[in-house]
Amino acid sequence: MSASWVHAVGLASDMAIMSLLALSAYLLLLVGRVSFGQQAFFGLGAYASGVMSALFAWPLAAALALGVVVGALCSWALALPTMRLSGLHYAVATLAFGEMARIALSALHWQRPTEDGPVGPAGIEGFRDIRWLLENDVSAEAYLLLTLGLLAAVLGLLMAAERTRLGTAWRMTGQDDVLTAAQGVSVARMRLLVAALAGGLAALGGGLYAHRTTYIEPALFDPMLGVHAVGYALLGGLGTALGPFLGVVIDLGLLDAARLFPGWRMVIFGGLVALFLRWRPRGLLDEVLVHRLGQWLRRQPPAQPPNPPTAP
Amino acid sequence: MLDVVQLLLDGLLDGAGYALVGLGLSLTFGGLKRLNLAYGATAMLAAYVGAWLHIRHQAPAWLVALTVVASAALIGLYVERLCFGLPRDESTQPRGAPIAGADGREVVALASSFAIWMQLEQLAVNLLPRHLNAFPSLAAEGQWMVAMDVFGSVSGVAGGELMLRPDRLALAVMTVLLTLGLARWLERSRAGLAWRAVADHRVAAHLVGMPVSRLQALGFAAACALSGVAAFAMLSLDAQVTPMFGMWVLLKGLVAAILGGLGSVRGVLWGGLLLGVVESLAQSWLGALAREFATYALLFIVLVAPWRASGRSAL
């Protein structure tokens, strides 16, 4: 197996994991919230599922599921006190929460002795040996397939959800919460639901990340990670759940993988996001483009011209 | 008793630094009602330009100071044009903002200045790739020991000595003078009146013939120049600059500015001092991690506190 193949598999896994985090930021953007704290749920999910599989020998699926529950609950709990904040104060509050979670994880010591030495979160030194994949002989390719499968399932579910009344209510909430409330939709309920979903998604990404790298540390979950998630969603577009995925592909797939601009990736990515926000504020795949694409797809194959009515 | 006084003193001196850092941030917010998240990165890139001059060309401290302030203002202009220079009065409902509600444009500016943050930080690291970079030092040698016999005689506790770094004290005095001077200038001068008019009602300011867009750019650049002043003052005490500086400036400044009520110039001073004292107490009771935690916990509590229910939109 060549080194470039290993690199490609790793990159593809990273892209799928980052897409999950970007989708969680995207969901909140849909209901009109900019969160700079999604990295906290990513980190909490990573720690929760890592602890379960490394310390308590839970199977991967159960550990991931528990991570999702933890992420969803924490995100829901954060949404309660921040419900009434304006956009700016909400963004700063989530940033503060993200840092509080990171520091709390830095203070977490929970180790168990094993024959290979102690295992578990060791504060600022991080959490080594989340070795479920190695112990169960799961290859990197199989894990990539699992990650991609989960991402595809999430994307499919989200795209289906957006076609329902619920998805419409989310977009309404994001467009104008007062008008939405006047239509009889509970804005608070929508935002709580979406916050829980977004926290769960981020935690799922975190759990997958922890098991892929076998090592996590609190410093990984700094605000830059959350900013990237929001950046991917805004760059890719808010018109469809495929948008955040496209943002990840543009940044990680094109700029990073191609190694075209070593050292200048952030300069270009940051500039791109700022320019996009100025001239295309809802990203590449915005609602207008998605609608046009949908129409265009529906027109293929071209509809049969109606037969002229023949006079009897 | 004496160690508590020492803690409070340390906290107040640290807090003055936070207030200095938050001053420009609060001024921008007061004028534009927008939060500039690229603020810390602006200060950091400017400091890196200064450090580059210092390291590569052995520039003297005064030249570095001038360079840092001037480049902070220039970078501020760039940030303003790219992220905040949008014609905001074209309609009340901008077409296709990410968040189209009342604060749609606010969120666009927030997100795009966040993107510029990453850009500026990377530029700084490209300029000087090492983690630790030398910065001209103005730190004083040694510290003053202030005899505190007063406490001994008044409260019956044994007297002792307080440690006081003269350079820190000079920084605190400078901060207080700068803040009060700026607040007074905003209230008394014609330029300050113009800035407040733009902040108060852009359309009305435009109707009476004020060049709103140019004033906004000028004010923004001035606030960023203040961040350059703060960056030079803080870094010359440490004699070094690291890539963590941008994040530090933004977060400490943001907490100080929000504690003091975003947009209020005198408030930043109180916010910074409060933050400094809380951090200092948290560190002495619970350790270094708690100091960091206290910063964010304080910020979070102030943001979500129920007693702010009425003033939430006004801030």
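How many helices and strands does chain B have? Chain B has 12 helices and four strands, where helices (H or I, at least four residues) and strands (E, at least two) are DSSP runs numbered from the N terminus.

This is a predicted model, in which local features need pLDDT of at least 70, side-chain atom pairs count only at pLDDT 80 or more, and totals for chains, interfaces and linings use all residues. Residues are numbered from 1 along each chain as its sequence is written, and chains are lettered from A and ligands numbered from 1 in the order in which they are written.

**Stop 1: chain B**

Select chain B. Of its 315 residues, 49% count as buried; a residue is buried if 20 or more other C-beta atoms lie within 10 Å of its own, exposed if 12 or fewer, and partly exposed in between, with C-beta atoms placed from the backbone. Two residues are in contact if their C-beta atoms, placed from the backbone, lie within 7 Å. Among the contacts in chain B with a separation of 6 or more, 74% join residues 24 or more positions apart.

Next, pick Ser26(B), in helix α1 (residues 2-32) of chain B. Ser26(B) counts as buried because it has 30 C-beta neighbours inside 10 Å. Leaving aside neighbours within four places in sequence, its contacts include Ala257(B), Gly260(B) and Val268(B). Asn36(B) is 10 residues from Ser26(B) in sequence and 9.4 Å away, C-alpha to C-alpha.

**Stop 2: the nonpolar cores**

A nonpolar core is a set of buried Ala, Val, Leu, Ile, Met, Phe, Trp, Tyr and Cys residues joined through C-beta atoms within 7 Å. The largest has 187 residues, of which Ala47(B) and Ala231(B) touch the most other members. Helix α1 (residues 3-30) of chain A gives the most to this core, with 14 residues. Select Ala231(B): not counting residues up to four places away in sequence, it touches Ala43(B), Ala46(B), Ala47(B), Val68(B), Ala72(B) and Val249(B). A second, separate core of five residues includes Val198(B) and Val212(B).

**Stop 3: α2 and α3 of chain A**

Show residues 38-55 and 60-79 of chain A, which are helices α2 and α3. Their axes come within 8 Å and cross at roughly 145 degrees; axes are lines fitted to C-alpha atoms, for helices over the stretch in contact, and angles run from 0 to 180 degrees between N-to-C directions. Residues of α2(A) at the meeting include Phe41(A) and Met52(A), and those of α3(A) include Leu60(A) and Cys74(A).

Stay on α3(A). Its buried residues, among them Leu64(A), Val70(A) and Leu78(A), pack against α2, α4 and α9 (187-213) of chain A.

**Stop 4: where the chains touch**

Now show both chains. The contact takes 43 residues from chain A and 38 residues from chain B. On the side of chain A that touches chain B, α4 (87-106), α7 (165-175), α10 (223-236) and α12 (265-279) each supply at least two residues. Of these, α4(A) gives the most, with 12 residues.

**Stop 5: Val185(A)**

Finish at Val185(A), in the loop between α8 (177-182) and α9 of chain A. Is Val185(A) buried or partly exposed? Val185(A) counts as partly exposed because it has 18 C-beta neighbours inside 10 Å. Beyond neighbours within four places in sequence, Val185(A) is in contact with Ala169(A), Met172(A), Thr180(A) and Met190(A). The C-alpha atoms of Val185(A) and Thr173(A), 12 residues apart along the chain, are separated by 8.5 Å.
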